[in-house]
Amino acid sequence: MGDPSSMKSHTTSVSKSTIIDLTHSLISGGVPACPGHPSYAAHCISHISKGECSNVHSLTLGSHTGTHLDAPFHFFDDGTTVDQLDLSLLTAAPAVVVDLRHKKLRERITWDDIGEHEARMGPGVAVLFCTGWSRDWGKPNYRHHPFLDPDAARRIMGTGVKVIGVDTMSPDEVTDEGDSGCVHRIVLGSGGIIVENLNGLENILEKLNGAITVSMLPLRLEKCDGSPIRAVAWSAGGTI
Ligand SMILES: [Zn+2]
């Protein structure tokens with residue numbers, strides 16, 4: 001036990017107003033899903049309004065519903081599953097947010113767009129790509145997003161980064177034939193984690209100052225390849 005007054009100086013708190021929610025709302029019947037993935041649905045199966053003692057919902061969802069993460073097992077049978085992920089990578093993790101809002105439809109994101117942030121990348125850091133595409137969530141345009149060049153992905157992982165996040169449906173190029181999967185294989189193949197369908201990353205750039213911290217925690221789904229998450233960001237230097 002230490003002196004309580006000295007312990008207090010190590011206590012951190014975050015004001016509610018400083019929390020930026022980076023998650024899309026899950027609306028029953030209204031969540032875009034990849035072909036072959038289940039549609040999200042929530043049905044109330046117990047109603048206080050009908051005289052029952054509580055409200056309870058039944059949920060139907062997939063491991064890649066809404067804002068979610070991909071574990072290595074998504075692409076590799078011997079890869080880490082969601083329940084085995086290192087939560088320190090996803091809890092109050094320092095984040096680098098790369099502003100890519102100038103990128104156009106299906107434009108490639110190269111190392112030239114990212115390299116200036118290299119000095120801040122390293123083990124334990126989450127790198128988030130802000131294309132502004134989350135505004136088109138649910139619209140036909142959403143699938144025509146900018147995508148990460150595989151060589152850039154390799155260089156990012158080479159810095160020791162294990163978590164990348166995008167405000168699009170995939171870090172990879174998505175065509176009519178589907179997702180190329182190249183960046184998925186590079187990131188998940190090196191034991192990394194991919195966060196997809198983040199919402200409103202531009203709010204971090206516009207509303208937060210200084211060092212940025214994020215939490216993006218999955219459900220503890222045993223032997224599963226991915227999980228919906230609640231993603232939030234706050235300024236590490238603001239109100240601590
Ligand atoms: Zn996914």
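This is a predicted model: local features need pLDDT of at least 70, side-chain atom pairs count only at pLDDT 80 or more; totals for chains, interfaces and linings use all residues.

Residues are numbered from 1 along each chain as its sequence is written, and side-chain values use heavy atoms, with hydrogens and water left out. Helices (H or I, at least four residues) and strands (E, at least two) are DSSP runs, numbered from the N terminus.

**Helix α3**

- Buried here means under 20% relative accessible area, with exposed over 50% and partly exposed in between (1.4 Å probe, protein chains only).
- In α3 (residues 150–158), the buried set is Pro-150, Ala-152, Ala-153, Ile-156 and Met-157.
- Those residues sit on the same side of α3 because they cover an arc of only 155° around the axis, going by the directions from the helix axis to the C-beta atoms.
- As a rule, an α-helix has 3.6 residues a turn, so residues three or four places apart point the same way.
- Gly-160 follows α3 and has a positive phi, near 100°.

**Helix α4**

- Val-183, His-184, Ile-186, Val-187 and Leu-188 are the buried residues of α4.
- They pack against β4 (68–70), β8, α3, β9, β11 (178–179) and β12.
- Just after α4 comes Gly-191, with a positive phi of about 80°.

**Nonpolar cores**

- A nonpolar core is a set of buried Ala, Val, Leu, Ile, Met, Phe, Trp, Tyr and Cys residues joined through side-chain atoms within 4.5 Å.
- The largest one has 28 residues, and Leu-22, Leu-128, Ile-204, Val-214 and Met-216 have the most contacts inside it.
- A second, separate core has 23 residues, among them Ala-152, Ile-156, Ile-164 and Ile-194.
- Leu-128 touches residues including Val-97, Ile-204, Val-214 and Met-216, not counting residues up to four places away in sequence.

**Strand β5**

- Of the 7 residues in β5, 5 are buried.
- Strands count as paired if DSSP finds at least two bridges between them.
- β5 runs antiparallel to β13 over 3 bridges, with Pro-94 bridged to Thr-213.
- β5 also pairs with β7, in the parallel sense, over 5 bridges, and there Val-97 stands opposite Leu-128.

Conventions
Contact means heavy atoms within 4.5 Å.
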